[in-house]
Amino acid sequence: MDDQTPMDDVILDVRDLSMHFPVRAGMFGKTHSAVRAVDNVSFQVRRGETFGIVGESGSGKTTLGRCIMRILGPTGGEIGYASEGAGMVDLAAVEDAQMRDLWREIRMIFQDPQSSLNPRLPVIELVGQVLRKAEGLKGAALADRVADLLKSVGLRPEILHRYPAAFSGGQRQRIGIARALATKPQLVIADEAVSALDVSIQAQTLNLLQDLQEEFGLTYVFIAHDLAVVEHICDRVAVMFLGEIVELADTETLFAAPRHPYTRALLSAVPVPDPRQRSDRRLRAAAPAEVTDTATACKFAARCPHARDLCRRQRPQKRTVGGAEVLCHFAGEI
Amino acid sequence: MTMTQTELANAAESNIDPTPIVLGPWALVWRKFRRHRLAMVSAVVVIFIYLVAIFAEFLAPFPTDQTSVRHTFAPPQPLALFVTDADGTRFRPHVKGLKMEIDREAMRRSFAVDAERIIPVGFFVKGYEYKLLGLIPANRHFFGPLDPRDPMYLWGADRLGRDMFSRIVMGTRVSMSIGLVGVAVSLVIGVAMGGLSGYYGGWVDTLIQRFIEFIRSVPTIPLWMGLAAAIPLDWPPLRTYFVVTVIVSMIGWTSLAREVRGKFLSLRGEDFITAARLDGLTDREVILKHMVPSFSSHIIASLTLAVPLMILAETSLSFLGIGLQPPLVSWGTLLKEAQNIRSIIEAPWLLIAPGSVIVVAVLALNFLGDGLRDAADPYSN
């Protein structure tokens with residue numbers, strides 16, 4: 001279905017992206033294998049949508065986000081990005097100096113507001129240093145802009161000269177959001193942006209993110225492991241397993257009719273508040289998945305309740321089944 | 001619960017600023033340090049010792065090279081404050097005179113207190129000429145005998161009849177400053193090497209770390225001896241002093257470099273460093289604005305802990321006779337005087353006085369460094 005998306009609507013076009021970390025051992029650091037944290041991942045993000053990436057820990061979703069931010073240099077593939085000034089650029093290949101400019105358009109919200117805010121700097125510096133750098137603002141002009149930003153995320157502007165220790169987790173995350181929005185970005189990568197917050201604050205923060213999206217016309221890439229959060233905020237969702245996208249679909253399609261056995265297992269693992277409706281877990285308790293395994297088999301075969309011979313012999317290809325892109329031999333049949 | 005709406009509103013209004021003001025990082029460090037009693041006391045002692053070092057000439061009643069043939073190995077004379085005679089008791093600081101007796105059989109000189117002879121001691125007395133802070137010519141001393149030719153050996157005299165008290169006071173300057181200069185040298189080398197190692201990583205890191213391991217595996221005393229032996233004996237004392245500090249800091253920088261490297265490595269992975277990079281800051285700005293402030297307090301603490309090591313290193317070098325050479329006076333060269341068994345038996349003050357001063361200074365600096373280290377990271381619990 002992505003083939004039908006007009007190109008000028010696509011803000012991020014990731015093609016065959018790979019990030020393999022070499023595993024070194026021994027005194028002279030000989031590379032003997034690689035961890036395929038992200039393995040041949042392709043997807044497109046449309047302007048103005050919220051694109052969710054979910055998966056268990058170790059599935060490579062954070063690595064994927066860091067590759068898009070170019071915190072990590074991917075080992076293969078392209079990351080097409082429709083920049084404001086320079087048109088389509090490949091984030092995987094741009095020079096560091098150009099990336100520094102692009103970081104004004106693509107911003108990141110970090111998972112842990114505790115560790116992403118330097119405890120030694122006051123709020124005006126934390127939120128304002130990017131403005132100081134990008135627009136050369138200082139003094140009263142900088143204070144005004146930061147105060148406006150704080151207001152837009154629901155914080156009082158008087159807190160300009162406080163240190164992060166003075167704030168609660170939710171307030172800190174709002175500071176982190178203000179910081180991400182300081183340069184009026186196009187694309188915001190939110191890496192587990194609400195995972196560190198408790199549930200009531202999560203809801204507030206998600207609503208804030210949605211309001212800001214409307215107000216500033218933002219596009220979010222929303223990385224999370226909490227399916228309830230993803231269902232609430234995302235327009236489309238990609239499910240990752242061991243570095244691969246195993247299913248990509250509209251949120252409604254995905255939650256109503258999951259096609260990949262892993263997606264089903266994930267959905268069945270969501271806690272149900274009503275004890276009478278609880279069902280048996282579908283996922284087979286298998287040996288820990290081997291990320292470095294390069295064998296010709298479906299990566300999920302070892303844990304799949306439907307695995308057959310074909311799954312252990314041949315890697316599945318991406319197929320479109322009922323509006324969803326699925327990486328499974330038997331999608332639609334099982 | 002019992003509050004009405006208006007009361008609540010009033011409470012909110014009267015308390016416009018409900019978020020407490022949070023102290024800045026350095027204020028937190030100070031608050032935590034203040035709670036460390038021993039460190040506070042040590043800080044006072046250290047400040048006192050450095051004041052002594054700065055105003056050494058003013059505090060020392062005699063020049064370090066003033067000898068007296070009649071007072072070789074003179075024992076310490078206790079300072080008394082009151083005089084009692086026919087007119088009653090008056091406040092009059094003094095020391096009793098010394099009478100020398102020669103034991104013809106043992107061929108030995110011994111001193112006895114001459115109770116009759118009172119040597120009055122005064123404050124701000126005239127004495128030898130010196131330059132205060134190296135600039136202002138002066139001849140007043142904090143205290144001393146009213147007649148500068150009278151003997152007053154508060155901490156005894158050495159084999160040439162020189163006043164130990166004056167020599168220890170003057171030695172404070174050399175010994176304490178060698179710690180500071182040595183630490184400054186190791187700070188520069190250590191931060192530069194550690195920073196390179198931690199920031200660039202890879203083969204630069206491997207090279208520097210193996211070099212540090214090599215240096216640390218060489219036994220220090222033979223290394224120092226070898227280096228010190230290379231100093232020509234006819235060099236002026238000041239140049240020798242400088243070279244000795246450099247030798248002493250040859251080892252000191254390695255531990256500092258490791259600490260800086262470790263800090264760089266752990267900070268490099270922190271989210272707030274990544275966030276700062278994403279804000280478009282250059283490497284230099286990230287290092288200066290985000291990394292250095294996060295470990296500057298640690299560096300201050302480890303520097304304070306390095307000072308006593310430097311002092312001890314200088315002392316041991318000088319004690320072995322390969323560090324500073326007379327006429328330069330340091331605590332180490334003073335201890336060297338107490339090297340033979342005869343002086344320890346006949347004049348134990350030659351060992352006790354400089355020895356205890358060294359112990360006090362080293363302990364005070366260590367406690368101060370401990371307190372600083374505990375206070376260094378106000379965000380850890």
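In which hand, left or right, does H2(B) pass H13(B) in their crossing? Before I answer, a word on what we are looking at: this is a predicted model, in which local features need pLDDT of at least 70 and side-chain atom pairs count only at pLDDT 80 or more, while totals for chains, interfaces and linings use all residues. Residues are numbered from 1 along each chain as its sequence is written, and chains are lettered from A and ligands numbered from 1 in the order in which they are written.

Now to the crossing, which is right-handed for H2(B) passing H13(B); a crossing is called right-handed if the near helix is turned clockwise from the far one by less than a right angle, and left-handed if it is turned anticlockwise. When I say helix, I mean a DSSP run of H or I with at least four residues, and a strand is a run of E with at least two, both numbered from the N terminus. Helix H2 of chain B covers residues 25-34, and its axis lies 8 Å from that of H13(B), at an angle of about 135°. That angle makes H2(B) oblique to H13(B), given that angles under 35 degrees count as roughly parallel, over 145 as roughly antiparallel, 65 to 115 as roughly perpendicular and the rest as oblique. The axes are lines fitted to C-alpha atoms, for helices over the stretch in contact, and the angles run from 0 to 180 degrees between N-to-C directions. On the H2(B) side we find Val29(B), Lys32(B) and Phe33(B), which meet Gly371(B), Leu372(B), Asp374(B), Ala375(B) and Ala376(B) in H13(B), where contact means that the C-beta atoms, placed from the backbone, lie within 7 Å.

H13(B) also packs against helix H3 of chain B, residues 37-54, at an angle of about 130° and with the axes 8 Å apart, so H3(B) and H13(B) are oblique to each other. Here, however, H3(B) passes H13(B) in a left-handed crossing. Among the residues that make this contact are Val45(B), Val46(B) and Ile49(B) of H3(B), with Val360(B), Leu365(B) and Phe367(B) among those of H13(B). By class, the contact has twelve nonpolar, two polar and one charged residues, with Ala, Val, Leu, Ile, Met, Phe, Trp, Tyr, Cys and Pro counted as nonpolar, Asp, Glu, Lys and Arg as charged, and the others, Gly among them, as polar.

A further partner of H13(B) is H10(B), whose axis is 7 Å away at an angle of about 165°, and the two helices are therefore roughly antiparallel to each other. H10(B) passes H13(B) in a left-handed crossing, and the residues of their contact divide into 14 nonpolar, six polar and one charged.

Let me turn to the sheet in chain B, an open one of four strands in the order E1-E2-E3-E4, with antiparallel pairing; two strands pair if DSSP finds at least two bridges between them. Strands E1 (79-85) and E4 (136-145) stand at the edges with a single partner strand each, so one side of each is left without a neighbour in the sheet. Within the sheet, ten bridges join E2 (residues 88-103) to E3 (residues 108-132) of chain B, and Gly97(B) stands opposite Asp114(B) in E3(B).

At the level of domains, whose bounds come from an automatic or database domain assignment, chain B has domain 1 (42-54 + 168-376) and domain 2 (71-160).

Chain A is divided into domain 1 (8-23 + 34-256) and domain 2 (257-272 + 294-333), with C-alpha centres 29 Å apart. In this chain, 16 residues of domain 1 are in contact with 16 residues of domain 2, and E10(A) gives the most to the domain 1 side, with seven residues.

Finally, between the chains, 19 residues of chain B are in contact with 24 residues of chain A. The largest share of the chain B side, five residues, comes from H9(B), and by class that side has nine nonpolar, six polar and four charged residues.

Note on methods:
Contact = placed C-beta atoms within 7 Å.
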